[in-house]
Amino acid sequence: VKGKTYVPVADPGYDVLGYASWYGSESGNRTASGERFRADWITAAHTTLPLPTYVEVTALDTGQRILVRINDRGPFSGRARIIDLSRAAAAGLGVAATGSAAVRVRRVEPAESDRARLRKGKPAHALPPISERERLNLRRQLAVAGF
């Protein structure tokens, strides 16, 4: 894509700081996993994590967290953008109004009940926000990384 090759790779320890954006106008199009994209489902796009992969996304401005199922490829612009959220995932995380947001994306193995809910487009169980201390620490790490 745009002269860069992306190779899917299993990364059980994936834990990255960067930026999320969201998309929603593509409803009905096929995702990289072959299913129809639904902006009102809790899904996301990632460049290299296997499909599906489940991730915990944390908004670094608020500390809010959400479980998301990755079923598509992207984002393919901006070195700091690490995930594209569906409109519903962005809304569930509280970042839909901003267009993009500083985030932490961490691969997780949720309970089968949460996986089943996400596969049906429903949100997984609610996660409590991270502590203010942890949120500030993650913001500092993002700043040190030059983002």
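1. First, the ground rules. This is a predicted model, so I kept to its conventions: local features need pLDDT of at least 70, side-chain atom pairs count only at pLDDT 80 or more, and totals for chains, interfaces and linings use all residues. Residues are numbered from 1 along each chain as its sequence is written, and side-chain values use heavy atoms, with hydrogens and water left out.

2. Overall make-up. The protein has 3 helices and 6 strands (DSSP runs numbered from the N terminus: helices are H or I with at least four residues, strands are E with at least two). Along the sequence the pattern reads β-β-β-β-β-α-β-α-α. The radius of gyration, taken over C-alpha atoms, is 14 Å, close to the 15 Å from the globule rule for 147 residues, so the protein is as compact as a globular protein of that length (the rule being 2.2 Å times the number of residues to the power 0.38). The C-alpha trace spans about 40 × 40 × 30 Å along its principal axes.

3. Of the 147 residues, 45% count as buried (under 20% relative accessible area, with exposed over 50% and partly exposed in between, using a 1.4 Å probe and protein chains only). The exposed surface comes to about 7500 Å², with carbon and sulfur atoms supplying 52% of it (Shrake-Rupley method, 1.4 Å probe; for residues, only the protein chains shown count as cover). For contacts between residues at least 6 apart in sequence, 76% join residues at least 24 apart (contact means heavy atoms within 4.5 Å).

4. The barrel. The 6 strands form a closed barrel in the order β1-β5-β2-β4-β3-β6, with mixed pairing (two strands pair if DSSP finds at least two bridges between them). Direction ignored, neighbouring strands are turned by 45 degrees against each other on average. Helix α2 (residues 112-119) packs on this sheet, touching β3 and β4 (65-72), and its direction makes about 60 degrees with that of β4 (axes are lines fitted to C-alpha atoms, for helices over the stretch in contact; angles run from 0 to 180 degrees between N-to-C directions). Helix α3 (residues 132-144) lies across β1 (15-23) and β6, at about 90 degrees to β1.

5. Pairings of β1. With β5 (residues 81-86) the strands run parallel, joined by 5 bridges; Ala-20 is bridged to Ile-83 in β5.

6. Strand β3. β3 (residues 53-59) pairs with β6 (residues 100-107) in the antiparallel sense over 5 bridges, with Ala-59 opposite Val-103. Towards β4 there are 6 bridges, again antiparallel, and Val-57 is partnered with Ile-66. The hairpin of β3 and β4 has 5 residues between the strands, and Gly-63 takes a positive phi near 85 degrees in it.

7. Arg-65, worth a look. This residue lies in strand β4 and is buried, with a relative accessible area of 19%. Its side chain makes a polar contact with the side chain of Glu-56 at 3.1 Å (a pair of N or O atoms within 3.5 Å; within protein, one must be able to donate a hydrogen and the other to accept it, and residues adjacent in sequence count only if both atoms are side-chain atoms). The Arg-65 side chain also reaches the backbone oxygen of Pro-128 at 2.7 Å. Leaving aside neighbours within four places in sequence, its contacts include Leu-93, Leu-127, Pro-129 and Ile-130.

8. Ile-70, also in β4. Ile-70 counts as buried at 0% relative accessibility. Thr-43 is 27 residues away in sequence but 5.5 Å away in space, C-alpha to C-alpha. Among the residues touching Ile-70, beyond four places in sequence, are Ala-44, Leu-51, Val-55 and Ile-83.

9. Thr-31, in a loop. Thr-31 sits between β1 and β2 (43-45), yet is buried at 6% relative accessible area. A polar atom of its side chain lies 3.2 Å from the backbone oxygen of Asn-71. Beyond four places in sequence, Thr-31 touches Arg-36, Phe-37, Asn-71 and Asp-72.
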